[in-house]
Amino acid sequence: MQNKPLAVYVHFPYCKSRCPYCDFFRALKPKNDDETILLDRYKQDIRYFADLLGERLVTSIFFGGGTPSLLSADAVRQILDEISRAFVVSADAEISLEANPNTFDRDKFVSFHDAGINRLSLGVQALNSDDLKFLGRTHSLDDALTAMELVVNTFEKSSVDLIYARPNQNFYSWQNEIDTALSFGLKHISLYQLTIEEGTVFYKKNVAPLDEENAANLYEQTVSYLRSRGFSRYEVSNFAASPADESRHNLVYWQGGDYIGIGQGAHGRFLHDGKIFASVDGKIAETLPPLERAEELLIMGLRIKSGINFERFFQASGIHFFDFVNNLAIKKLAKLNLLCYDDANVWLTDKGFLLLDKVILELVS
Ligand code: SF4
């Protein structure tokens, strides 16, 4: 279909240093690397998808990683230009870039905005010096504060990532960090629970985060506190001051829309010629069986406050929602006040959000 919406994910695989909790880390940015090689690769991938998909309306573009703020502003501009040549980019497209305060340079960040970035997501992770050190972040508290101020005042939309459930963390110190972040006038905040994944430095060092019960309590207190500050939890880890402040790009993933991933390590999912495709590394990797896509849509869709829209679920997977889930379980979960549904949507209650994994297991049992 012509001008069907499409989201574009641009993956930048390198970082300046490795964070000890990170299982996304792939490689340090090579010294004296030649950005033109990377740029050629991005441009090839964009043209590959344009040839494959034809005319599509790009509604969001997201530079993620890794640390894409290590790209030059000129490279960002060239990638955006190539996407504009290949597709129709909507006049109000959300164009995001993830940045780390350890790459902060005032002029460069302003140049990102001039190149077309209108949403900047800053990976602050902690707002006290001890925990920044514990998390292996190579920026200081001052770096984070300086970057936040510029970001909020420069970009149309901005967000900050913070990590909670650090060892011995309590709500009062955490609340101070949230207050500090919000004092800059942010309208969006992402809060990720510290988990220890195999292969990470923390795993090898046997670092223990806050235990499950205290982490769940901290999360519940945080949701209530942010609500009292006017922020709605529109996704398990994401909070926004209004629907307009939500991440439109990430909503495409959670709602089962089409997206392509360009660059090494980038993934995509899209419908084309009546089939569901998965792409990896900027190329089609396989066609997905409808059941597999339906499972993804269930897992992703229940993470958001608005839940799963049955029509969208069918369009993305070719399967009717009630043919996929256990219908007795859905009624039981509704009686337990864990989820609600009507003719068009199913969504979790506050109580259901706390038991998200169990609800999903019940639905596919
Ligand atoms: S900057 Fe981000 S992607 Fe890179 S190592 Fe740290 S957490 Fe991982």
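Me: What distance separates the centres of domain 1 and domain 2?
Reply: In this predicted model, the centres of domain 1 and domain 2, taken over C-alpha atoms, are separated by 28 Å. Domain 1 covers 4-250 and domain 2 covers 289-365.

Me: What makes residues of domain 1 and domain 2 count as being in contact?
Reply: The criterion is that C-beta atoms, placed from the backbone, lie within 7 Å. By that criterion, 7 residues of domain 1 are in contact with 6 residues of domain 2. On the side of domain 1 that touches domain 2, helix H8 (212-228) and strand E9 (232-235) each supply at least two residues. E9 gives the most to that side, with 4 residues. The residues of this side of domain 1 comprise 3 nonpolar, 1 polar and 3 charged.

Me: Why are H3 and H5 called roughly parallel to each other?
Reply: Helix H3 (residues 106-115) and helix H5 (residues 141-154) pack at an angle of about 25°. Angles under 35 degrees count as roughly parallel, and H3 and H5 are therefore roughly parallel to each other. Their axes are 11 Å apart, and the crossing of H3 and H5 is right-handed.

Me: Which residues in H3 meet which residues in H5?
Reply: From H3, Arg-106, Phe-109, Val-110 and His-113 meet Leu-150, Val-151 and Thr-154 of H5. The residues of this contact of H3 with H5 divide into 4 nonpolar, 2 polar and 1 charged.

Me: What makes Arg-106 count as charged, and Thr-154 as polar?
Reply: Arg belongs with Asp, Glu and Lys in the charged class, so Arg-106 of H3 counts as charged.

Definitions and conventions:
Residues are numbered from 1 along each chain as its sequence is written. This is a predicted model: local features need pLDDT of at least 70, side-chain atom pairs count only at pLDDT 80 or more; totals for chains, interfaces and linings use all residues. Axes are lines fitted to C-alpha atoms, for helices over the stretch in contact, and angles run from 0 to 180 degrees between N-to-C directions. Angles under 35 degrees count as roughly parallel, over 145 as roughly antiparallel, 65 to 115 as roughly perpendicular and the rest as oblique. A crossing is left-handed if the near helix is turned anticlockwise from the far one by less than a right angle, and right-handed if clockwise. Two residues are in contact if their C-beta atoms, placed from the backbone, lie within 7 Å. Domain bounds come from an automatic or database domain assignment.
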